[in-house]
Amino acid sequence: MKPPPFEYHAPATVDEACALLASLEDAKVLAGGQSLVPLLNFRLARPAHIVDINRITALDRIYERDGGVAIQALARQAAVEDSEPVARVCPLLTAAVRLVAHRVIRNRGTLCGSLAHADPASELPAVVLVLGGHVIARSSRGERLIEAGQLFQGVMETALAPDELLVEAWFPSSPQPFAVIEESRRHGDFALAGVVRAAGRLALFGVAPTPVLADPRDPLQGLQPSGDLEATAEFRLHLVRVLTEKAFAA
Amino acid sequence: MKVNGVAHPAPVDPRRLLSDHLRHDLGLTGTHVGCEHGVCGCCTVLLDGAPVRSCLMLAVQAEGHEVTTIEGLAANGAPLHPVQQAFHECHGLQCGFCTPGFVMSVVGLLGQHPDPTPEQVDEGIAGNLCRCTGYASIRRSVHRAAELSKVPSPLRGEGQG
């Protein structure tokens, strides 16, 4: 239960971080570390290099732009939870971030880290997907915008290239009515299944390799969730049906 | 990094977890280590005044920051911190293994909600596991700690600037 050896880098600027990611083989970005450090402790991840971005100053802003809110790479989930602009412009995000683990974890964990980690049972990827937001990826080659619909490629796989740093996520303002509901075994655990509603749009999480958009009238269409010790596939389908009903009754 | 107000040199090995650094390198064994993957909450410490899991941080990441452990809440022989006093009065512990983590989480909780509702108390301690008490006495302790904390604490706001 100790991290395997790695070479540690603590760049002071985004450009330095991008230069490191461009030159190093098998490097992993460390932001809040609330998913990466457990993976290191379990030795499920054994990167040769860790690029710790926490020393980069002025990368923790939360600000309004283009009618939505932009959240930079080092903004902690707790800061998003407490943010007045987020509560005003995108209250769906405020509601969703409160479901992420526990406050003590959110004090350290970052929103952008959750998106880059792309756990299929995570709430925040489903929120950016249902709202049609995007992320901005920076590398020494330049900057590009990745739409949420293109970002999530598979279980913990994203469209980010190995040399790219996710520097900012953008969430459009959330329409009324909205809802985010999940079912988990214990408070703060990863969800067995969850749904996010933004007006007429619906996204599901925990039931496919990535968060998925679904038809609110037939949310189970094409869905083939996996079963495990915590819940069978049938139970997950049942949850999707019930949680969707609840979300659209609200 | 500063630990309980005392400056310490950086750890040499980057893979040293903050929890292990505190216990093995600095001898501050009040910070307990349970699950080492962020679930149990035993290793909770304050980083610049906010509770975090010390098992989910590399010690090198605490460079330039203020860490407060359970040992830093009250000096030897000094009166207990209000949260410690409340856990003492309300029997908020049995075996005591989880207690340092609970106390540090509750210090953070009361910083955020000085007068917490029962729901905020449940939410605030939900990230800490206790296998003995069944949590009822811990809930009582948190409410008592809020009462006792009405008296100004020298720790409040530490490290915020």
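Which residues is A:Leu166 in contact with, leaving aside its neighbours within four places in sequence? They are A:Ala73, A:Cys112, A:Leu115, A:Ala116, A:Val135, A:Ala137 and A:Leu160. The model described here is predicted. A:Leu166 is also one of the residues with the most contacts inside the largest nonpolar core.

**Nonpolar core**

- The largest nonpolar core comprises 121 residues.
- The residues with the most contacts inside this core come from both chains: A:Leu115, A:Val127 and A:Leu166 from chain A, and B:Val106 from chain B.
- A:Leu115, named among these, is also in contact with A:Leu166.

**Chain A overall**

- The secondary structure of chain A consists of 10 helices and 14 strands.
- With a radius of gyration of 18 Å, close to the 18 Å that the globule rule gives for 250 residues, chain A is as compact as a globular protein of that length.
- The C-alpha trace of chain A extends over about 50 × 40 × 30 Å along its principal axes.
- Of the 250 residues in chain A, 51% are buried.
- Among the contacts in chain A with a separation of 6 or more, 61% are between residues 24 or more positions apart.

**Sheet of chain B**

- Five strands of chain B form an open sheet with mixed pairing, in the order β2-β1-β5-β3-β4.
- β3 (residues 44–47) and β4 of chain B run antiparallel and are joined by four bridges.
- Within chain B, B:Leu47 stands opposite B:Ala50, which belongs to β4(B).
- α3(B) packs on the sheet, where it touches β3 and β4 of chain B, and its direction makes about 35° with that of β3(B).

**Contact between chains A and B**

- On the two sides of the interface, 21 residues of chain B are in contact with 22 residues of chain A.
- β4 (50–53) and α3 (99–112) of chain B each supply at least two residues of the side that touches chain A.
- The most is given by β4(B), which contributes four residues to that side of chain B.
- By class, the side of chain B that touches chain A holds nine nonpolar, nine polar and three charged residues.

Terms used. Residues numbered from 1 in each chain as written. Chains lettered and ligands numbered in written order. Predicted model: local features only at pLDDT ≥ 70, side-chain atom pairs only at ≥ 80, totals over all residues. Contact = placed C-beta atoms within 7 Å. Nonpolar A, V, L, I, M, F, W, Y, C, P; charged D, E, K, R; others polar. Core = buried A, V, L, I, M, F, W, Y, C linked by C-beta atoms within 7 Å. Buried ≥ 20, exposed ≤ 12 C-beta atoms within 10 Å, placed from the backbone. Pairing = 2+ DSSP bridges. Axes fitted to C-alpha atoms, helices over the stretch in contact; angles between N-to-C directions. Rg over C-alpha atoms; globule rule 2.2 N^0.38 Å.
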